[in-house]
Amino acid sequence: MTTAPSTTRGPLSHIVDALRIDNHQLLVETLRYDPRYPNNNNDEHHNTTHNAGDAAAGDHHHSAMDDAGIPSAAADANAHSSASHRFTDNTTRQKLIFGSHNLRRTILHQVIARRVAATCDEGDKSNKNNDGTTKKSKKKNQNKSQAEEEEELMNELNDELLSVGGGGGRCEIVKCSEVLSPIGDGSLLSSDMSSKPSNSNKGSNNPFEDTAFNDDTANNNTDDNNDDDPTIITTYILRGGGFDIPSIASAALHRNRILSMSRYQQQQQSSSQYGDHHQMQQQQQSRLFRFVFLPRMTEMERLLMKELGVQDDIIVESGNVVVSNATTTASAGAISSSGGGAVNSLESLPIDLIPLDDDVLSLELSGGGGGVESLNDTNNHNSESDRGGGIGSAAAGAASLRHSDVEGCEADVVDVVARSLLKLQLLNQGGGGGGGGGVGGESDVGVIGRVLGLGPLATAVIDRMMYLRLEEERMDTQAEEEEEDEYEYDEEDGGDYNDDGILEKNSVVGVEAVESPSTAAGGSDSDNKQPPIQALLVIDRKVDLVTPMLTPLTYEGLIDDVLQIQVGGCVSVKKSIVEPEDQNEQQNQRTRDTNKDPKVLLPLNDSDPLYTEVRDKHVEVFGSFLQNQAKALKESHSQFTNRETARDLSEIHQFVKQIPVFTRNLRSLKNHIHIAELVKSAAEATSFRQRWQTERSMLESESQYDTLEDLIASGEPPYRWLRLFCLQSLTSNGIKATRYESLRKEVVQTYGFEFLMVLNDLEKAGFLRKRETFFMDSMATSYSTLRKSLNLINAEVDPSNPDDPAYVSSGYAPITVRWVQSAMRGFLGLDEALKELPSSGGSGSGRRWIDIEQKCPPESLVEALKQDRGPSLGVLAKKFNESTGRAGEQQERKPVLLVFYVGGITYMEVAALRFLSKRPSFPYAIICCATEIVNGETLLRSLSC
């Protein structure tokens, strides 16, 4: 019997959908907006406040979330008095250049693609646009290649950009396939993850062209080279917040290169008597270069751009255009070049939280990967990177951990996480009962009442979040006083006054509550509203460095381990894997062309109902599960097509309506069967089983130095070996000094001297530690204390019918998941284990963990720590259910616990938290949030940049 996908979505699905729509609309508005014409008010159809400023500082965007009564990513409490900018009447053409491959994937597949989650009662909803129309696709019943998928996405985006009513704000994207080189030299790469340069780097006899990256195999199509046309806007989409400095430098150098080429061409044309007059006129026009930072541009980045020769002619900030070095033409209200033939616009685009699934949100703070690929390709050790068409050397980097621990820029990570939490609290207004933990009533709607933090970064994030709330309260109070003065003035003047925009006293956000889907459908306001986020648990990745080093045994975790799930939640595999041909056809195909095997991009998210059911299954189970699904699908089809059974017209009509759904499910089933075969064959390999046994021995605090030496001698891929090396150090309180020096010498001899820097960075981040020989192996370690106190090892768990989260690795439960379970009991009896948490600094100095209540009016962390702690999270959930009449109800009626991982979350932990959330005995529905999705390899690669 087929297991039907759940007809209901997650408890925060309305917020997830609102975030998706808002992110999409923020991008569209940014692309439509022309900063050269800030005073153009001719278009009445698009009186849209465009602000690419600071998201959490209260900047206002008009977006789909505003229309629904939901604050947008940059919703301002005083939006009623903000100034508006209009779009231009002319259609502009833009060329998009991305700061990294990871950022490009995120924008294309999570922001531009307006995805909605599919459920069994919604039909083929994943193939629908927002207006309900069916998406046009050339290959409805086949897997599209990555290039076809991206082409379709860009066509849809251009249709939207060009469909502006009234003739204003039209925009067309002419090219978006180029990515800045991670080397930071201003060159461009194509979007196929190869090191092949982009066509725009190539020229003929131009002295300013980049000859260092010329490649004869690249197609030199001059039609695609738009650098010669000054009417085309060059838009660089970059990762802001200080997370990708090399890409920012590369963007500035690329801009300088274009201007140098333009000046050279002008000189050539001016010296020629027969120069094209129209072309010379075009060359004299001012070019517009837009530098768009996600989610925000820092002052350090602005100064860096200035140092690299990019003057901040236009700064789009807080809904206003600030002109610093450009000149303004009064007649047209247009901004032109102040010199040098270029206008530079520095803008922030407040897109931070990216919904990957209904229960997983991510900031996607993965770096550009500069330097990773060179290390990965050293001596060609990562031979398994091509398995299944995986991206191998293009693995996403976990930028947040490197940024905070290696580069020492903790404040950047803390700030972006704290602001994203403020945004979630702006959206957390859809349930009854107010905040938990003593926080309730209308004055604190949306505030997460109970907040816990484990680890130093978690404490810093909570401290920053509470500080921003204090600043918001101060600004709101000031705005109220100004509006009261206006009200008194209006009364004296005898005029009418509408006070809808005035914030209530002590209100955190003056916006309407989020309307849940059930309430919108006509349900009871008190019974059907989605539950709010009642509690927040912020976890520093350094609390558990062990779990990322381990091999997951769930379907989703193994796909990530074997094929590498890309940023944005999709996997790229060779088409021959998911659509194998018969032997005769294969032979003919090899004869015709042995090189063409395009990659297919498969989404791994809630748009695929089958994947939603199978992703958290154990490796011993998901094969038989997919087999049963295939049998059930075949039976359901054969039952209807049975000629002996009479069918009336209504049944036939219903069947015809279900054909698209059947086709989609069949295609999805075939894809997952082929991927499962590939993944399972990797899991059944001898090397895989030996690695799992070595990991288990280390988890039980056994030394495996001989195994490590044997693996390095046999040529184990470097980052697979480093995962085991770090695991040995983490579970044994360090590596003996003599052993460490011996292994380090072998690493240099086998993998190259570059890995000396890698080992040094791993020591700095806490993954490796050298200990003196007088420390005995038998002595208790931090890990051994946690293993006993938290019961990390449960060898008796049954993967086919699990009763414990330890099933995700056949007997080991992630440390962070055990801490989540322990938080339900208030960490009762875990005093010794709590002492093993890394200590925190800042306002929580001397505390390894914090447990506070957020109140209204807001207060600082120092003040909150002086208060007595409330009841445990388990007791809090029970009180919430009793107060709302939800005691004993089904899973979707549980209060929500938001677990935020600062430093990245693994798919092993996501599966374990989903398991807890679905358990009837667990009091909360868990929503996972993280700075990025990581595994052992991506985490270690990010530290070796």
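Analyst: Let's start with lysine 866, which counts as exposed because its relative accessibility is 56%. This is a predicted model, by the way. Lysine 866 makes a salt bridge with glutamate 863, and their closest N and O atoms are 3.4 Å apart. Glutamate 863 comes out as partly exposed, with a relative accessibility of 34%.

Now hop over to another charged pair. Aspartate 851 and arginine 869 form a salt bridge too, with 3.7 Å between the closest N and O atoms. Aspartate 851 belongs to strand β21 (residues 849-853), while arginine 869 sits in the loop between α27 (861-865) and α28 (873-884), so this pair ties together parts that are 18 residues apart in sequence. Are the two partners buried or exposed? Aspartate 851 is buried, at 10% relative accessible area, whereas arginine 869 is partly exposed, at 46%.

Aspartate 17 and arginine 20 are both in helix α1, three residues apart, which is about one turn of the helix. Their salt bridge has its closest N and O atoms 3.8 Å apart. Aspartate 17 is partly exposed, with 21% relative accessible area, and arginine 20 is buried, with 8%. As for helix α1 itself, 17 of its 20 residues are buried, so to speak mostly covered.

Some charged residues join up in a network of salt bridges: Asp357, Asp359, Glu556, Arg615, Asp616 and Arg914. A charge can also meet a ring here: the charged end of arginine 255 sits over the ring of phenylalanine 289, 5.8 Å from its centre.

A search of the whole structure turns up 10 aromatic pairs. One of them is stacked: tyrosine 236 and phenylalanine 291, at 4.9 Å centre to centre with 15 degrees between the planes. This pair links distant parts of the chain, since tyrosine 236 is in strand β4 (residues 232-239) and phenylalanine 291 is in strand β5 (residues 287-294), 55 residues apart. Both tyrosine 236 and phenylalanine 291 are buried.

Tyrosine 719 and phenylalanine 755 make a tilted pair instead, 5.8 Å centre to centre and 55 degrees between the planes. Tyrosine 719 is in helix α21 (residues 718-731) and phenylalanine 755 in helix α23 (residues 755-765), so the pair ties together parts 36 residues apart in sequence. Tyrosine 719 is buried at 1% relative accessibility, and phenylalanine 755 is buried at 1% as well. Ring pairs also link Tyr555, Tyr611 and Phe622 into a cluster.

Strands do some of the joining as well. Strand β15 (residues 450-454) runs parallel to β16, with five bridges between them; leucine 452 stands opposite leucine 537 in β16. Seven bridges join β16 to strand β22 (residues 896-902), and these run parallel too. There, isoleucine 533 has valine 896 in β22 as its bridge partner. Eight of the eight residues of β16 (residues 533-540) are buried, so this strand is largely enclosed by the rest of the structure.

Key. Residues numbered from 1 in each chain as written. Predicted model: local features only at pLDDT ≥ 70, side-chain atom pairs only at ≥ 80, totals over all residues. Heavy atoms only, no water. Buried < 20%, exposed > 50% of the residue type's maximum accessible area, 1.4 Å probe, protein only. Helix = DSSP H or I, 4+ residues; strand = E, 2+ residues; numbered from the N terminus. Phe/Tyr/Trp six-rings, centres within 6.5 Å; stacked < 30°, edge-to-face > 60°. Lys NZ or Arg CZ within 6 Å of the ring centre and 35° of its normal. Pairing = 2+ DSSP bridges. Salt bridge = Lys/Arg side-chain N within 4 Å of Asp/Glu carboxyl O.
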